[in-house]
Amino acid sequence: MTYQSSLLPLAAIGISLAAAVPIMLSGRKPNLREFWTLLAAVGKFVLVAAMLPSVLAGHGFVLTLAEVVPGVPIQLRVDAMGMYFALVASFLWICTSVYSIGYMRKLKEHDQTRYFAAFALAIAATIGVAFSANLLTLYLFYEMLSLATYPLVTHERNAEARFSGRKYLIYILGTSIGLVLPAMLITYALTGTLDFTVGGILAGQASPATLALLLVLFLLGFAKAAIMPMHGWLPAAMVAPTPVSSFLHGVAVVKVGVFSILRVIFFIFGPALLRELDYGTIITTLTSITILVASLIALTQDNLKRRLAYSTIGQLSYMVLGAGMLTAAGMTGGLLHIAMHAFGKITLFFCAGAIYVASHKKYISEMDGLGRRMPVTYGAFLLGALSIIGIPPLGGFISKWNLLLGAVEADQWVLLLVLLTSSLLNAAYFLPIVYRGFFAGPRDTGAGEVIQEAPLLCLIPLTLTALASVGLFFFPGVFLELVHAALFR
Amino acid sequence: MTSTNLHMYVMMAPLLAAFAVNLLGRVSRAWIGPLSLGALTFSTIGALLTLLRVLHHGAYRYTVGNWQPPFGIELVIDPLSALMLLLVSGVALLATCSALKSVQNELPGREHLFFTLYMILVAGLLGLVLTGDAFNLYVLLEITSITTYGLIAMGSGRAALSSFNYIIMGSIGACFYLLGVGYLYILTGTLNMADIASILPGLNAPAAIATAFAFLLVGLWVKMALFPLHIWLPNAYSQAPTGAGVMIAPLMTKVTIYLMIRVMFSIFSPDYTFFAHAGVQAGIVWAASLAILCASGLALAQRNLRRMLTYILIAEVGYMVGGVWLANGTGMTGAMLHIVNDALMTLCLFLAAAAIIYRTGSLEFDRLHGLYRRMPLTMAAFTVGAFSMIGIPPTCGFFSKWYLLLGAVQAQHWEFVAALLASSLINAVLFFRLFELAYFKPAGEDVPSASQPCGDAPPLLLSPLVLTAVALLVVGLGTGPLIENVIRLALPPGFAP
């Protein structure tokens with residue numbers, strides 16, 4: 001891949017950063033404020049998409065912002081892997097923006113201005129992570145995302161939100177300062193660079209023990225990926241409004257964690273080095289435990305959003321597990337699962353929010369018969385769930401198929417077993433929800449309260465993402481191409 | 001010898017302004033603002049020109065009144081001292097804007113007295129930065145200390161007692177320093193730093209030299225409040241008038257650390273400092289690590305914003321002392337960078353505290369509720385300052401911490417790495433506790449009542465604050481050029497970043 005200097009990556013990040021200002025200033029005019037949000041969302045997607053053809057053709061973009069540390073400038077670089085993640089995030093941000101407007105207005109939420117401004121900062125940081133050229137720049141945007149998300153997690157400003165906010169910060173900020181920062185420093189002290197280099201930078205630079213330490217520091221330090229035991233913040237963060245949970249805790253924040261770990265595995269360590277030292281086992285062991293335990297806990301959750309959160313924890317580890325297999329199919333599957341899971345999980349969260357908006361119900365045990373009242377929502381929920389379980393013809397099948405292939409390629413029958421068990425568990429915690437929605441409960445609710453579908457602004461995005469999950473099965477072309485370019489070119 | 005007198009004007013402007021403020025300020029209060037701001041603006045521009053000149057034409061020495069050393073007073077203008085000159089005058093200028101407003105509020109009728117001491121203090125700090133003479137340094141140190149005692153005593157409540165406490169501790173520190181200078185004078189017969197440095201290696205009196213070295217260092221450590229010699233600082237700085245704290249807190253400790261660097265490298269040599277006595281260098285890094293941990297821990301116990309900041313200040317002293325004593329170029333780069341950064345972020349936080357106390361009258365934690373809504377701009381700037389203290393990129397605090405940590409990793413001083421990381425985490429707890437207070441509603445209470453005034457601080461308090469917050473980001477992003485063009489030149493020979 002060749003790189004040319006361009007302002008486009010900065011523009012793609014900066015557009016929502018800049019939009020935060022007019023959003024805050026037009027707090028008294030909700031329509032104008034929402035106009036800015038949508039403008040920034042569409043603008044960002046257009047800017048990202050504008051770079052796509054060139055990246056597919058093998059020409060990336062680069063921009064140095066500031067020289068801060070010798071050999072490690074604050075630098076943006078658009079390569080295939082960053083482009084892949086940015087494309088997913090910026091597309092889903094449009095859906096989320098529309099959904100947010102419907103959700104927040106219907107519930108007449110307070111402080112919507114602060115909400116939309118913080119959201120704009122968060123997506124700017126997410127794209128920043130995608131387009132970071134080195135670990136230091138990535139760390140900068142990673143921290144920015146942590147801080148921008150805090151006001152969203154604590155949006156309710158009650159005792160529960162305060163507690164969850166604390167938990168969120170202790171996990172996220174504690175690990176990034178306590179684990180990632182020293183790991184980054186040691187890497188820099190060893191190699192004199194932090195640049196994401198194809199094949200890695202650490203080969204032959206340190207003893208196996210040091211490398212193992214670094215690997216564990218990075219794996220647990222990027223706590224946004226919620227690898228156990230660093231997962232506790234994610235269920236707690238579910239007190240946030242549902243659009244925040246769907247986008248940030250289904251897509252942006254958590255996948256920034258996974259993306260950072262994959263960057264480190266592919267471009268700091270390099271698959272060859274990990275294969276040589278056989279350190280893939282460290283990764284696969286940690287993630288296998290997370291997958292199984294998280295799926296089992298998800299079974300026991302009655303709060304719908306918490307069940308989704310534990311499901312997310314399990315699915316995030318799929319992606320890291322795939323990378324840890326260090327085989328072509330495994331890495332492809334892991335990276336591909338970022339997009340496939342994103343579309344599926346955001347649909348599920350959108351549905352959870354739509355159910356809450358329409359019925360104010362949070363607990364699965366209360367949702368008997370709701371599907372008959374909200375067929376569109378429940379239909380979308382079913383599609384999202386099937387995609388995450390990994391059933392054709394939905395996008396999730398493609399990534400899971402690759403993961404299974406990877407396990408076979410690596411001759412790791414245990415991993416194959418883990419993946420299959422987990423798929424069964426996924427089905428066990430998702431499908432009863434749909435079943436109860438359509439078939440359980442009293443046949444006839446009488447003339448009392450009548451529950452209807454959520455507002456159209458909520459319904460359109462969730463239908464769109466659900467259909468996209470189907471579409472991705474038949475047309476995974478762009479994503480597959482980007483993943484292949486990221487891994488093998 | 002050189003033809004420029006620019007740095008003299010930089011130093012003399014506040015001194016002359018002090019007299020003018022005293023005389024004209026008696027006639028009308030209206031004189032004070034323009035005079036002090038004018039003098040400091042002049043100094044800041046002069047300092048900037050001096051720095052540019054040094055970077056272009058190299059360091060130079062200046063003999064005051066053309067009396068040749070070793071008898072006359074010599075000033076040294078090298079990259080580091082020129083940078084400090086700019087830092088001191090710039091920070092003082094910004095602090096003065098805020099001080100004018102808060103002194104008017106807190107000490108009505110005594111403003112001319114306050115600003116007389118204040119401007120002499122600035123002149124003293126500028127002199128300290130420039131001097132190349134060990135005894136001259138003592139005199140200027142006393143000038144700054146005595147004016148500080150006076151300024152602190154003007155505060156309300158128990159300020160007089162705190163000032164007295166400071167006088168005792170400060171005098172002990174000064175005595176130690178003076179004893180050290182005495183030893184050196186007996187040994188070498190000169191007070192000029194460069195002269196001493198050239199004579200010392202030829203002497204065969206290791207015990208006497210070591211004693212002098214120890215006295216000088218301990219004296220300065222008392223003055224800079226290195227834990228556990230810090231006891232005077234929290235009371236003195238938190239009970240001083242707001243206007244005094246805003247200037248003293250960012251500058252006093254930082255200038256003293258600069259003086260420590262001068263003593264270590266201009267009077268003694270890096271070789272002597274680091275390697276002459278086994279265990280000393282490592283011991284001091286250990287002591288600095290403990291200082292950071294203890295001071296951070298004490299900060300956790302505070303329930304008043306300004307007292308909390310004073311303990312953070314003490315922890316930061318540990319950062320810089322430890323950084324210099326890591327004995328490698330990276331650590332020293334980090335320490336020097338941190339002098340600049342810490343001055344700016346302390347300034348930012350104290351300015352924010354000044355704005356908050358001006359509006360709400362209190363800095364107790366239980367009175368800070370709902371501040372984000374009431375003073376959005378002040379709190380935005382405060383947030384930037386706090387992020388810099390925690391060390392979140394791209395604020396400048398992150399980058400100096402990066403160099404300090406890297407230096408510690410290179411020197412294999414893992415205890416210092418651990419202390420720095422722990423202190424960052426504690427800072428995160430400290431500040432997020434505040435954010436939480438200012439962001440959430442008080443328990444069981446609704447919207448703040450009418451008794452708490454709304455609206456941001458007046459422009460004279462707000463503009464320096466916002467400017468400092470922006471500077472934190474600009475300096476952070478300009479770290480590379482700053483190190484490449486200035487700090488690299490200030491490192492002793494043989495040490496590369």
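**Close-up views of a predicted two-chain model**

Pro393(A) is found in the loop that joins α15 (375-389) to α16 of chain A, and the model in which this and the following views are drawn is a predicted one.

View 1. The bond that runs from Pro392(A) to Pro393(A) is a cis peptide bond, and its omega is near 5°. Pro393(A) belongs to the loop between α15 and α16 of chain A, and the next view turns to helix α16(A), which covers residues 395-409.

**View 2. Packing of helices α16 and α18 of chain A.** Helix α16 (residues 395-409) of chain A packs against helix α18 (residues 456-474) of chain A at an angle of about 50°, and the two axes are 6 Å apart. Because of this angle, α16(A) is described as oblique to α18(A). On the side of α16(A), the contact is made by Gly395(A), Phe397(A) and Ile398(A), while α18(A) contributes Ser469(A), Leu472(A) and Phe473(A). Sorted by class, the residues of this contact between α16(A) and α18(A) are four nonpolar and two polar, with no charged residues.

**View 3. The contact between domain 1 and domain 2 of chain A.** According to the domain assignment, chain A holds domain 1 (1-185 + 222-252) and domain 2 (279-489), and the C-alpha centres of these two domains of chain A lie 22 Å apart. Domain 1 of chain A brings 34 residues to the contact, and domain 2 of chain A brings 40 residues. On the side of domain 1 of chain A that touches domain 2 of chain A, at least two residues are supplied by each of α3 (80-106), α8 (233-236) and α9 (242-269) of chain A. Helix α3(A) provides the largest share of that side, with 14 residues.

**View 4. The side of chain B that touches chain A.** The contact between the chains draws 22 residues from chain B and 21 residues from chain A. For the side of chain B that touches chain A, at least two residues come from each of α17 (396-410), α18 (414-439) and α20 (479-490) of chain B, and α18(B) gives the most, with seven residues. When the residues on this side of chain B are sorted by class, 16 are nonpolar, four are polar and two are charged.

**View 5. Gln412(B) in the loop between two helices of chain B.** Gln412(B) is placed in the loop between α17 and α18 of chain B, and both of these helices supply residues to the side of chain B that touches chain A. Phi of Gln412(B) is near 60°, which is a positive value in a residue other than glycine. Gln412(B) is classed as exposed because 9 other C-beta atoms lie within 10 Å, and a residue is exposed if that number is 12 or fewer.

**View 6. Arg157(A) in the loop between α5 and α6 of chain A.** Arg157(A) sits in the loop between α5 (135-153) and α6 (159-191) of chain A, and its phi is near 55°, a positive value in a residue other than glycine. Arg157(A) has 16 C-beta neighbours inside 10 Å and therefore counts as partly exposed.

View 7. In chain B, the peptide bond from Phe227(B) to Pro228(B) is cis, and its omega is near 5°. Pro228(B) is located in the loop between α8 (206-224) and α9 (232-239) of chain B.

Note on methods:
Residues are numbered from 1 along each chain as its sequence is written. Chains are lettered from A and ligands numbered from 1 in the order in which they are written. This is a predicted model: local features need pLDDT of at least 70, side-chain atom pairs count only at pLDDT 80 or more; totals for chains, interfaces and linings use all residues. Axes are lines fitted to C-alpha atoms, for helices over the stretch in contact, and angles run from 0 to 180 degrees between N-to-C directions. Helices (H or I, at least four residues) and strands (E, at least two) are DSSP runs, numbered from the N terminus. Angles under 35 degrees count as roughly parallel, over 145 as roughly antiparallel, 65 to 115 as roughly perpendicular and the rest as oblique. Two residues are in contact if their C-beta atoms, placed from the backbone, lie within 7 Å. Ala, Val, Leu, Ile, Met, Phe, Trp, Tyr, Cys and Pro count as nonpolar, Asp, Glu, Lys and Arg as charged, and the others, Gly among them, as polar. A residue is buried if 20 or more other C-beta atoms lie within 10 Å of its own, exposed if 12 or fewer, and partly exposed in between; C-beta atoms are placed from the backbone. Domain bounds come from an automatic or database domain assignment.
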